[in-house]
Amino acid sequence: MLKILKYSFFDLMRSRWSYVYFGFYLLLGVVLLFLNNDLSKAVITLMNVIIVLVPLIGTIFGVMYYYNSKEFTELLLAQPLKRSSIFLGQYLGVALSLSMSLILGLGIPFVFYGLFKSNAIWDFSLLLITGTFLTLIFTALAFNIALSNENKIKGFGYAILLWLFLAIIYDGIFLMTLIFFEDYPLDKLSLVGTMLNPIDLSRTLILLKLDISALLGYTGAIFKQFFGTSFGLVVSFVMLVIWVVLPVLRIMFKSKRKDF
Amino acid sequence: MVSIENLHKKFGKNEVLKGVDLNIKSGGIFAVLGPNGSGKTTLIKSVLGMVIPNKGTITVQGENIKKNSSYRHKIDYLPQIANFPSNLKVKELIRMIKDLRNHTNDDHNLIQLFKLEPFLDKKLGNLSGGTKQKVNIVLTFMFDSPLIILDEPTTGLDPISLIRLKELIQKEKSKGKTILITSHIMSFVEEVSDEIVFLLEGKIYFKGTISELKTKTNQPDFEHAIASILTDNHA
Amino acid sequence: MKLKLLFTAIMFMVTSLGAQTINVCNSCDVTSLTRAISLAKPFDTVIVKKGTYKEHNIVIDKPLTLVGKNYPVIDGELKGEVITIISDSVTVDGLFIINVGTSYTEDYAAIRVKKSKHFTIQNLVLEKLFFGIYLEKSSYGKVYHNKIIGDAVEEYNSGNGIQLWYSHYVDIEHNFVEHVRDGIYLEFSDNCVIKNNVSAENLRYGLHFMFSNDDIYQDNTFENNGAGVAVMFSKKIKMLNNQFRENWGTASYGLLLKEINDAEIIGNTFEENTIGINLEGSNRITYKNNNFTNNGWAIKVRGACYTNHFVENNFLYNSFDISYNSKVNDNIFDKNYWSNYTGYDLDKDGIGDVPYRPVKLFSYIVNRTPETIILLRSLFIDIIDFSEKVSPVFTPDNLMDNNPQTKRITW
């Protein structure tokens, strides 16, 4: 698996798209920091970018890579290699190269700006960690979609739809549900609703840092326990890990049964 | 060498293989023939483990291939469409495949044979179809495995390379290897193969030498023999 | 009348000149404060040397100066009030008073001033107290440099640090109050100045005004209280250059305004409070040059607030800048800096070319269904906020800052 990972990773690191992605984040970081000169504002803007764009890029890129490397995958399948190592290797190759672009692209301008001397370093590290998690999750989901759909167009369609659903539509439905049932105690429902969507989950993690003053304004006891203590942080991270593990398991399961 | 028993495979509702029994003994060149959609590629891919059969067992050199990947050390496979990661250079691809399998030094001879030296530093994405196919051939033949499977090996090759390929196949045969070929070029099949397997509608319609086929169909030449099978069965 | 005045003045001078000093210590002739006070003549000085004095109900009934050297401990043994001043012109200085009695029927204080004028209470340290310094119908006094450290747990059985009741013209400066119910509490007390105090970790409010007018509080720090400052039913209060920080919780505010008219709120900093300012029924207030940083809600308007002016403030990284619960707006927002502003300034005059709408639809939704707060900063919410911004339906459509600044305002 490590060999496959290595080749996929280096293949991607040299691809045009990695540069574009890296360049995009580099530019974003530079513009936010040096034209704006306001670290707190930059972190908030970055958060918005990360929870929306990282999943989108992860899904599109994952699906694209899978379909583009189909023949190469077939070549590998004829080699004495386990299927699970081929797909896991490719998956990790994509996910890690995307994460690298993200971390380096954003990290370099921030380091030059003097991040290590600033107290925003924790907020910023949290951003990068959630960004990496989102990349891992959405690339895995993309691989799942691609593995289940031979048709490229269909695969891309589902991938975009998945992103649209988790990034926007889910929250719309979520909001409607909360308003509709506003006469009932809702704090459990709202927390569970958050856990079931990795984008919401990452958003909550960042809220814990940026908007704790507002979150503590709400009365619910479970809310208080969740946001007021490190409990929320721990649960969110555990859920993020589960969100990575489940799609990866499905990749392994699905790839063992697929015909090429 | 390869034995297939009662092999069934469905893709959705489409039943492609309907109980194939086939025994391929060691040594010699076998051509798998059949009209489009008769299941040639499916059969080959089943042997390679790329397609997972619904029913039936396949053994390669006595080893059951189910949930097994190491038996593929004994197989060299030339896929039909050669499409490699476009960012890799030719020599990197060769190095990588060597890295994934066992080490070999045959690649140098093969590169010389197909005159690939000028392309070694080029990216695969920038190569022509024919050159890619040559790279494909190098990748396949550089290992010394007892079973070689070639899916449409002649695609895109110029006449000189075609001659080289034929020589190569004969050379491998002379080492006592088993070679499995699918092709649409009947003259090529007739020239190289010792025995043919004819697939029709998911079953083996005929297995034997070309002369046996000619006798069976009462046709003077190979191409007509094949054509007569098709017309007889579709009329 | 004139004669009488002159006579008093002469008497005053004579007695001052003949003022004596009485020393109190465990090995002196006088070993208790009560005895020293009864021995003293008006305008004498009583010096209390280092030591522990187990006394309570010490009544100072004549103009005296009571000075502790090296913080002598006055231990009330939880039996009741410790010192009660019922005379004008009394100074109490440098005592360490502990163990004030707790009662549900009487408000025992470490030190109480009753119907007296011209008092000075300074350099006291009060611990284990019920009420700290209680000024009752006493005016023209000074309360300086005291340190009051309570151990209040429940509101119903704890008292306030410094309490004023019908006491006017009192200066309260450089005090440090923590862990009591209200740090400083003013009821029916006008024209007081509260300056440079620190009030922290109190159960209810750091500073509390009720029915008190024309007071000024400035340069104070209110940190981590149930709520920073509550100003209720009062007029013409000036609130200048104070710090309101980390007042977190469900009903937690930096500043709570209720039925307040004609106040000035200038130069304050509101940082990391659940709600920076909560206002209800408050009119004609000027908010100028305040910093609102990292609050949950910078300003929450609960209704019936008219003709308030919010000018030249900085609103920085608040989860919500302004929240309204009605569609009507009669308040003016002008020339503020909003870190959430996304407009542009093409003519480079430092003023954004498109107006800023500080009230978001989402703040309206959160008011209605508080659990929806969990969707804060979601893309979906941004989209509905944007559509509301384009055509306001739920939020007041005339509520906007027409001259949003593009740079942080400095003053």
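Entry 1: I am working on a predicted model. I looked up the buried residues of H2(A) and found Ser18(A), Tyr21(A), Phe22(A), Tyr25(A), Gly29(A), Leu32(A) and Leu33(A). They lie on the same side of H2(A), because they cover an arc of only 105° around the axis. Next I asked what these buried residues pack against. I found three helices of chain A there: H1 (2-13), H3 and H5 (83-113).

**Entry 2: the other face.** I turned to the face of H2(A) that points away from the buried side. The exposed residues there are Arg16(A), Val20(A), Gly23(A), Leu27(A), Phe34(A) and Leu35(A).

**Entry 3: length.** H2 of chain A runs over residues 16-35, which is 20 residues. I took its span from first C-alpha to last and got 27 Å. That is close to the 28 Å expected at 1.5 Å a residue.

**Entry 4: the pair H2(A) and H3(A).** I checked how the two axes lie. They come within 11 Å and cross at roughly 170°. An angle over 145 degrees counts as roughly antiparallel. H2(A) and H3(A) are therefore roughly antiparallel to each other. Which residues meet? From H2(A) I listed Trp17(A), Tyr21(A), Leu28(A), Leu32(A) and Leu33(A). Facing them in H3(A) are Ala42(A), Thr45(A), Leu46(A), Val49(A), Ile57(A) and Phe61(A). I sorted the residues of this contact by type: 10 are nonpolar, one is polar and none is charged.

**Entry 5: chains A and C.** I moved on to the chains. Two pairs of chains are in contact, and chains A and C share the most contacts. Chain A gives 30 residues to this contact and chain C gives 29. On the chain A side, at least two residues come from each of H3 (39-68), H7 (152-180), H8 (187-195), H9 (198-210) and H10 (212-215). H7(A) has the largest share, with eight residues. By type, I noted 15 nonpolar, nine polar and six charged residues on this side of chain A.

**Entry 6: chains A and B.** Here 21 residues of chain B touch 19 residues of chain A. H1 (40-48) and H2 (90-100) of chain B each supply at least two residues of the chain B side. The largest share, three residues, comes from H2(B). I counted 12 nonpolar, five polar and four charged residues on this side of chain B.

Note on methods: Residues are numbered from 1 along each chain as its sequence is written. Chains are lettered from A and ligands numbered from 1 in the order in which they are written. This is a predicted model: local features need pLDDT of at least 70, side-chain atom pairs count only at pLDDT 80 or more; totals for chains, interfaces and linings use all residues. Two residues are in contact if their C-beta atoms, placed from the backbone, lie within 7 Å. Helices (H or I, at least four residues) and strands (E, at least two) are DSSP runs, numbered from the N terminus. Ala, Val, Leu, Ile, Met, Phe, Trp, Tyr, Cys and Pro count as nonpolar, Asp, Glu, Lys and Arg as charged, and the others, Gly among them, as polar. The expected span of a helix is 1.5 Å times one less than its number of residues. A residue is buried if 20 or more other C-beta atoms lie within 10 Å of its own, exposed if 12 or fewer, and partly exposed in between; C-beta atoms are placed from the backbone. The arc is that of the directions from the helix axis to the C-beta atoms. Axes are lines fitted to C-alpha atoms, for helices over the stretch in contact, and angles run from 0 to 180 degrees between N-to-C directions. Angles under 35 degrees count as roughly parallel, over 145 as roughly antiparallel, 65 to 115 as roughly perpendicular and the rest as oblique.
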